Structure formats: C-alpha cells, structure tokens
Amino acid sequence: MKSVQQEVDERSNLTGTNKFELLLFRLGGDDQGQHSELFGINVFKIREIVAMPEITAIAGAPRHVLGVVNLRGQIIQVLDLPGIAGVKPVTGLNIMLVTEFARTTQAFAVESVEEIVRLDWSQVMSSEHSAGSGMVTSIARLEPSEGQPARLAQVLDVETILRDLSPPDEKDERAVQQAVGSKIVVKPGSVVLAADDSVVARALIEQGLDAMGLPFIMTKSGKECWEQLNAIAAAAEAEGKTVQDRVAAVLTDLEMPEMDGFTLTRKIKTHQRFASLPVVIHSSLSGTTNEEHVKKVGADAYVAKYSAEDLSRTLRAVLHG
C-alpha cells in the first residue's frame with residue numbers, strides 16, 4: 001500500500017509525463033431526472049471537497065450565485081454549477097468543490113462526486129467542434145475499468161464559467177492598454193506563438209498581445225502549437241532563415257487536450273532546432289509544485305493568469321532581458 005508521501009510525489013510528477021488527474025462528478029439530469037452526464041475538473045484546481053455547509057444568501061446576488069460560506073475563516077462564494085449547466089440535481093446539492101486557480105478561490109455546488117481518474121492528455125479531445133456555450137473545453141475518453149464501461153466526461157472550462165457570470169465592462173479594455181505600458185518591439189517578421197484551449201483565455205491573451213503591439217499566432221492545444229512551430233521552422237529554412245527569425249517566443253498554457261504545456265515546453269527545449277526559443281508558461285495552475293516543474297522542463301518564465309500587466313512585464317523581460 002502506498003504511503004501518503006508516495007501518493008503526493010506520484011501526483012506531483014504527473015506533470016512531466018503528459019498525464020493528469022481528473023475529478024469526476026455529476027450535476028444532475030433533465031426535467032425527468034434522466035441522462036445524468038459525467039463532468040470533470042483537473043485535480044490540481046481542487047483545493048478540497050466538502051459536504052455542503054450552510055450557505056448565506058447574498059441580497060442582489062447574480063443568477064447562479066447561491067451565496068457565501070465561511071470555511072475556516074475564509075468567506076467563499078458558492079456557485080450553482082448544475083444551474084449554470086442547465087440541469088437539475090435529483091438528490092440535491094450535496095457536495096462543494098473548493099477550487100483555486102487564476103488567483104482566486106471559489107466553490108462549486110455539485111450533486112455527487114464519483115472518483116479521481118488518471119489520464120494521458122492524448123485521451124482528451126477539444127470540444128470546440130461541438131455545439132455549446134464554451135463552458136466545456138474538452139472531452140475526456142475514459143477506458144473501461146473494474147466493471148465500468150468506456151465513458152466520456154466533459155471537462156469544464158472554469159475560466160469561461162466565471163467570465164460569463166461576471167462579464168467585463170468597457171473600462172476593462174481601456175485599462176489593458178494602460179496596464180501593459182509601452183509597445184514591445186520584436187524582430188521584424190517574427191511573432192509570438194501562443195497556445196491555450198480556453199476560448200475566454202485566448203480572447204484575453206489576444207487582447208493583451210494586441211495592446212503590447214506583439215504580432216502573434218494563436219493555437220488551441222500543445223499539439224497544434226508544436227505542429228505550427230515545425231511548419232514555421234520549415235518555411236523559414238526554405239527561405240534561408242531560422243525559426244528564431246520567425247518566432248520571438250512561445251507562450252503556452254499548461255492544461256490542454258492532446259499535449260499539455262509541460263510536454264510542449266520539454267519538446268521545444270530538448271530539440272536542437274528550437275532550444276534557444278524563449279518559452280513562457282501562462283497558466284491558472286499556480287503553486288510551488290507547478291513552478292518547480294516549470295523549471296525542470298526548461299521554461300524561461302512562468303506567469304499566473306490573468307493579469308495583462310504581469311504578462312507584459314514577463315514577456316518584456318524574456319524578450320529583452
């Protein structure tokens with residue numbers, strides 16, 4: 001039987017192997033209580049799972065905000081995840097998932113928690129070709145195990161959920177230009193190659209890079225970014241130039257279908273053709289464990305989502321020393 005420390009070490013080391021762990025849970029079904037679908041959130045975003053405590057309703061709270069709870073002295077907003085997903089819990093809102101990401105702490109009410117499964121990112125496919133609101137970022141294929149048939153789990157894009165509940169106003173866009181400061185100059189003809197699977201994150205990154213005056217190419221996964229990088233390198237070499245003449249830096253998320261940001265970074269930094277390219281990891285997954293892995297795979301910098309000012313400062317330092 002594994003010790004607690006062995007479990008912790010094993011989980012921490014997953015980031016170097018293109019693997020991750022997904023917490024599976026259910027939200028409810030349709031009006032008849034049928035078709036209760038399986039959903040998932042990356043375990044690294046979960047701070048804790050607790051039985052639903054007493055919620056204090058807040059006067060005038062937005063739709064789907066149930067209220068707040070006092071969890072060991074911290075006041076945390078609780079969101080009605082089944083309501084957001086448009087389903088109805090059969091047995092009630094029994095479990096609270098407390099999440100930490102993108103510099104914030106919040107809780108999601110769910111009906112039940114199933115299990116934690118370990119997956120390879122190659123088992124996770126982008127869901128953008130499917131109809132939907134954007135709150136599901138990808139679909140995980142779960143292999144049959146211990147009497148369970150093969151299943152599909154919808155991986156939630158929590159950034160999109162929070163953004164939809166609190167849409168930006170016009171002053172946010174004007175503030176971006178002030179936050180990023182003066183334009184960042186790169187070699188003529190070169191771009192920032194960026195990768196993020198979240199619709200909301202891509203929109204914020206594009207807005208920030210535009211404000212910085214940085215030309216960019218946006219991709220939706222580590223795999224797509226890697227393929228694009230190789231295509232750019234081949235085109236540059238056909239013109240008698242190098243990939244460094246065409247790519248100023250790579251900006252990558254960590255959690256992405258098919259290939260995560262750690263794997264993408266390691267492939268870049270261990271390939272003679274690309275090793276000198278600056279790589280900045282830009283992620284909602286924070287904490288010392290992830291930052292240590294960032295160093296191990298050779299990334300040049302890490303910046304937590306999302307602050308246009310921090311992103312600008314980091315890119316400026318990486319690009320101009």
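These legends describe close-up views of a predicted model of one protein chain.

**View 1. The whole chain, an overview of its make-up.**
The protein chain holds nine helices and 16 strands. Of its 321 residues, 47% are buried. The chain exposes about 15200 Å², and carbon and sulfur atoms supply 51% of that area. Among contacts with a separation of 6 or more, 62% join residues 24 or more positions apart.

**View 2. Strand β2 and its cover.**
How many of the five residues of strand β2 are buried? Five of the five are, so the strand, residues 38-42, is largely enclosed by the rest of the structure. Both faces of β2 are covered. L38, G40 and N42 lie on one side, F39 and I41 on the other, and all are buried.

**View 3. The neighbours of strand β2.**
Strand β1, residues 19-26, pairs with β2 in the antiparallel sense, over five bridges. Here L24 stands opposite G40. Strand β11, residues 151-156, pairs with β2 in the parallel sense, over two bridges. In this pairing G40 stands opposite V155.

The side chains of R118 and E21 form a salt bridge, with N to O at 2.7 Å. R118 belongs to strand β8, residues 112-120, and E21 to strand β1, so this pair ties together parts 97 residues apart in sequence. R118 is partly exposed, at 34% relative accessible area. E21 is buried, at 7%; the cut-off for buried is under 20%.
A salt bridge also joins E114 and R26, whose closest N and O atoms are 3.3 Å apart. This pair, too, links distant parts of the chain: E114 sits in strand β8 and R26 in strand β1, 88 residues apart. E114 is partly exposed, with a relative accessible area of 35%.

E227 and K223 meet in a salt bridge, their closest N and O atoms 2.9 Å apart. What separates E227 and K223 along helix α6? The two residues are four residues apart in this helix, residues 222-238, which means about one helical turn lies between them. E227 counts as partly exposed, at 44% relative accessibility. K223 is also partly exposed, with a relative accessible area of 34%.

**View 4. A linked group of charged side chains.**
Salt bridges connect R47, E48, R72 and E100 in a network. For the model, the count of salt bridges comes to 17.

Technical notes:
Residues numbered from 1 in each chain as written. Predicted model: local features only at pLDDT ≥ 70, side-chain atom pairs only at ≥ 80, totals over all residues. Heavy atoms only, no water. Buried < 20%, exposed > 50% of the residue type's maximum accessible area, 1.4 Å probe, protein only. Contact = heavy atoms within 4.5 Å. Areas by Shrake-Rupley, 256 points an atom, 1.4 Å probe, with all protein chains shown as cover. Pairing = 2+ DSSP bridges. Salt bridge = Lys/Arg side-chain N within 4 Å of Asp/Glu carboxyl O.
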